[in-house]
Amino acid sequence: MATAHPNLFSFPNSDALAQQLRVYVLRAQNTALNRHHSFRLAVSGGSLPANLAKALLAPSNGTPEDTPQFDKWHIFFADERAVPLDDEESNYRLLKDELIAKIPAELGTPVIHPIDEKHVHDDDPQELADLYQEDLMREFAAKDSVKLPVFDLILLGCGPDGHTCSLFPGHELLREKDAWVAAESNSPKPPPKRITLTLPVVTHAVNIAFVATGAGKKEILKQIFDLDEGSSLPSALVNQGAGERVSWFTDHPAIDGVSFPRRGSL
Ligand SMILES: O=C(O)[C@H](O)[C@@H](O)[C@H](O)[C@H](O)COP(=O)(O)O
């Protein structure tokens, strides 16, 4: 378990948040490209793709540091719903509509790793999870010894119940130690059938960022950051497992009443 604390950032509005999220994501990109010439990240659904698009589609200041090199990006899904890729509930579709379709041609095209659409109507989403894990293995497990993939960045949301990815409070999936990708058949948040990265994969990433905005998040953020009773919530487990590798991008209403120390810039 990590001992250092996560970083909590808070901004007055979504423009200020997006500006700092851009700096953070592009730093992660540049470090990854220096190390292994590709940038491997996972993204969630919910409000995350819109915030990410706001950050990344803003004009660059022209320096290499401030330029997304999308043709070097491999984008996976931190969680995905078992629905066709063009379904309104699909996180793939959401990311495509919010971000991918709007990337100017000169910035390149990322490689996207969607779920296998042939299995979205299976009764049990386990095959979907297994196939997605195989996709991850092709990308990450070049050596037989790789126990867990090391994403350069995982971008997460936090639900009002403290869930993240499709890891829900009190669920047995939180104890998963071996699988990289797990199936969820009965998600409390619709739609019920999903796949999700597991907690060990999330906490193994080089950088992990949550984006949580709006007054609807303040009760759960108080539990996660200030109160012992919140310590077993999935989002709190990410904080405990990855410590200072975790950064929270919030706005002021989301952390109203939270005592945990916050900063206004990276
Ligand atoms: O597919 C999903 O349902 C999401 O990945 C989910 O984990 C989301 O990130 C949270 O529910 C927070 O959603 P908001 O950012 O919309 O609050």
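Guide: Strand β7 (residues 181-184) pairs with β8 in the antiparallel sense over four bridges. Please note that the model is a predicted one.

Visitor: What makes β7 and β8 a pair?

Guide: Two strands pair if at least two bridges are found between them. β7 and β8 have four bridges, so they meet that condition. One of the bridges joins V181 to its partner L197 in β8.

Visitor: With which other strand does β8 pair in the antiparallel sense?

Guide: β8 also pairs with β4, over three bridges. There R81 stands opposite R194 of β8. Along β8 (residues 194-197), R194 and T196 point one way while I195 and L197 point the other way, and all are buried.

Visitor: Why is β1 called an edge strand?

Guide: The open sheet has seven strands in the order β1-β10-β9-β6-β2-β3-β5, with parallel pairing. β1 (7-11) and β5 (111-112) are its edge strands, as each pairs on one side only.

Visitor: How do you know that β2 and β6 pair?

Guide: The condition is at least two bridges. β2 and strand β6 (residues 153-156) have three, in the parallel sense, and therefore count as a pair. Within this pair, A42 has I154 of β6 as its bridge partner.

Visitor: Which residues does I154 touch?

Guide: Leaving aside residues up to four places away in sequence, I154 touches L41, A42, A78, V202, A205 and I208. I154 is also one of the residues, with L41, V43 and L155, that touch the most other members of the largest nonpolar core, which has 74 residues. Helix α1 (residues 14-36) gives the most to this core, namely seven residues.

Visitor: Which residues of helix α3 are buried?

Guide: In α3 (residues 91-98), the buried residues include N91, Y92, L94 and L95.

Visitor: Why are these said to lie on the same side of α3?

Guide: They cover an arc of only 165° around the axis, which puts them on the same side of the helix. Among the elements that cover the buried residues of α3 are β2 (39-43), α2 (48-56), β3 (73-77) and β4 (79-81).

Visitor: How many residues surround the ligand, and which are the closest?

Guide: The ligand is surrounded by 14 residues, the closest being S44, G45, G46, S47 and G157.

Visitor: How does the shell around the ligand divide into nonpolar, polar and charged residues?

Guide: Three residues of the shell are nonpolar, nine are polar and two are charged.

Terms used:
Residues numbered from 1 in each chain as written. Predicted model: local features only at pLDDT ≥ 70, side-chain atom pairs only at ≥ 80, totals over all residues. Near = placed C-beta within 6 Å. Nonpolar A, V, L, I, M, F, W, Y, C, P; charged D, E, K, R; others polar. Buried ≥ 20, exposed ≤ 12 C-beta atoms within 10 Å, placed from the backbone. Helix = DSSP H or I, 4+ residues; strand = E, 2+ residues; numbered from the N terminus. Arc of directions from axis to C-beta. Contact = placed C-beta atoms within 7 Å. Core = buried A, V, L, I, M, F, W, Y, C linked by C-beta atoms within 7 Å.
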